[in-house]
Amino acid sequence: MLIAGNWKMNAASMEEFGKMLARAPEAAAKGVDLLVCPPFVLLHRLAEQAQGSVLEIGAQDSHYEDEGAFTGNVSPRMLADSGATAVILGHSERRSDHRESDELVAKKALAAQRAGLRTIVCVGESEEERDAGEAEAVVTRQLIGSLPDTLDPAGLIVAYEPVWAIGTGRTASTDDIGSMHGLIRSGLARRLSSRAVPILYGGSVKPANASQILSVDNVGGALVGGASLKADDFLAIALAAPDGRR
Ligand code: PGA
């Protein structure tokens, strides 16, 4: 299982990060990998501190080129040089606030893989889309559009994050998570001939709901926003993973 923390534009204190590092072996002993994705400017510092630890450091976005005249952007190769081993792409906040399309996410995913980064591609429907009965169609379209069929399934991770569950305290029901993850699982098998891509759930995952969510079929971990800023909450989520699930 993978529990990935998305700090967004927040910085947890170094004390909290130190606690995460200190307790990462507890999670590892349960077969749970921890990944922390801080804002760009903290990557290098956290990666240095995490050296030799089982906890990995990732970024929240990257460009599709290795270098060039792209003001304000950071390339996947630069992220790797900073010590990141993973990157989140196509998060709904990027899709809505920065108008990122499936096509752009697909280009970024290929570039991230070229740089050797594990690539977490996010998909998920809005509340209006779910209410209109379009959730499955939207997620299928995002999957097909955001994952080029030349992508290497090794190193790919998909995160299902219903937009209405992000930062709202509302989570999808375990039935809805199960059916969406099942749909994504079969979509990935068709598109990339792989049944081994981890599928994370994201959207208001907290210590109180983690064990229920992480026990659902085809849930390979969680992408955690708010609760990843506090070491106790982040670790409690990791330790809620059912034993023996990878
Ligand atoms: P949340 O965010 O856990 O605060 O809902 C999840 C995410 O946006 O990845």
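Mentor: A residue is called buried when its relative accessible area is under 20%, exposed when over 50%, and partly exposed in between, using a 1.4 Å probe and protein chains only. Asn218, with a relative accessible area of 30%, is therefore partly exposed. Keep in mind that this is a predicted model, in which local features need pLDDT of at least 70, side-chain atom pairs count only at pLDDT 80 or more, and totals for chains, interfaces and linings use all residues. Residues are numbered from 1 along each chain as its sequence is written, and side-chain values use heavy atoms, with hydrogens and water left out.

Trainee: Where is Asn218 found?

Mentor: Asn218 sits in the loop between H9 and S8. Those labels are DSSP runs numbered from the N terminus: helices are H or I with at least four residues, strands are E with at least two. Asn218 also has a positive phi of about 70 degrees, although it is not a glycine.

Trainee: Which loop holds Ser193, and is Ser193 buried or exposed?

Mentor: Ser193 belongs to the loop between helix H8 (174-192) and S7. Ser193 counts as exposed because its relative accessibility is 69%. Its phi is positive too, at about 50 degrees, and Ser193 is not a glycine.

Trainee: How many bridges join S1 to S8?

Mentor: Start with the rule: two strands pair if DSSP finds at least two bridges between them. Strand S1 (residues 2-6) runs parallel to S8, and four bridges join them. Gly5 has Val224 as its bridge partner in S8. Strand S7 (residues 199-202) is also parallel to S8, with two bridges. There, Gly202 is partnered by Leu223 of S8.

Trainee: Through which helix does the chain cross from S7 to S8?

Mentor: A crossover is right-handed if, with the strands pointing away from the viewer, the path from the first strand over the helix to the second runs clockwise. Here the chain leaves S7, passes through helix H9 (residues 207-214) and reaches S8, in a right-handed β-α-β crossover.

Trainee: Which residues of S8 lie on each side?

Mentor: In strand S8 (residues 221-224), Gly221 and Leu223 are on one side, and Ala222 and Val224 are on the other. These four residues are buried, so both faces of S8 are covered.

Trainee: Which residues come nearest to the ligand?

Mentor: A residue is near a molecule if one of its heavy atoms lies within 4 Å of it. Of the 13 residues around the ligand, Lys8, His91, Glu161, Gly167 and Ser204 come nearest. By class, the shell has four nonpolar, seven polar and two charged residues. Ala, Val, Leu, Ile, Met, Phe, Trp, Tyr, Cys and Pro count as nonpolar, Asp, Glu, Lys and Arg as charged, and the others, Gly among them, as polar.

Trainee: What is 2.7 Å from an oxygen atom of the ligand?

Mentor: An N or O atom in the side chain of Lys8 is 2.7 Å from a ligand oxygen. A polar backbone atom of Ser204 is also 2.7 Å from an oxygen atom of the ligand. For Gly226, a polar backbone atom is 2.9 Å from a ligand oxygen. Taken alone the ligand exposes 280 Å², and the protein buries 96% of that; such areas come from the Shrake-Rupley method with a 1.4 Å probe.

Trainee: Is Gly226 itself buried or exposed?

Mentor: Gly226 counts as exposed because its relative accessibility is 52%. Its place is in the loop between S8 and helix H10 (231-239).

How values were computed. A polar contact is a pair of N or O atoms within 3.5 Å; within protein, one must be able to donate a hydrogen and the other to accept it, and residues adjacent in sequence count only if both atoms are side-chain atoms.
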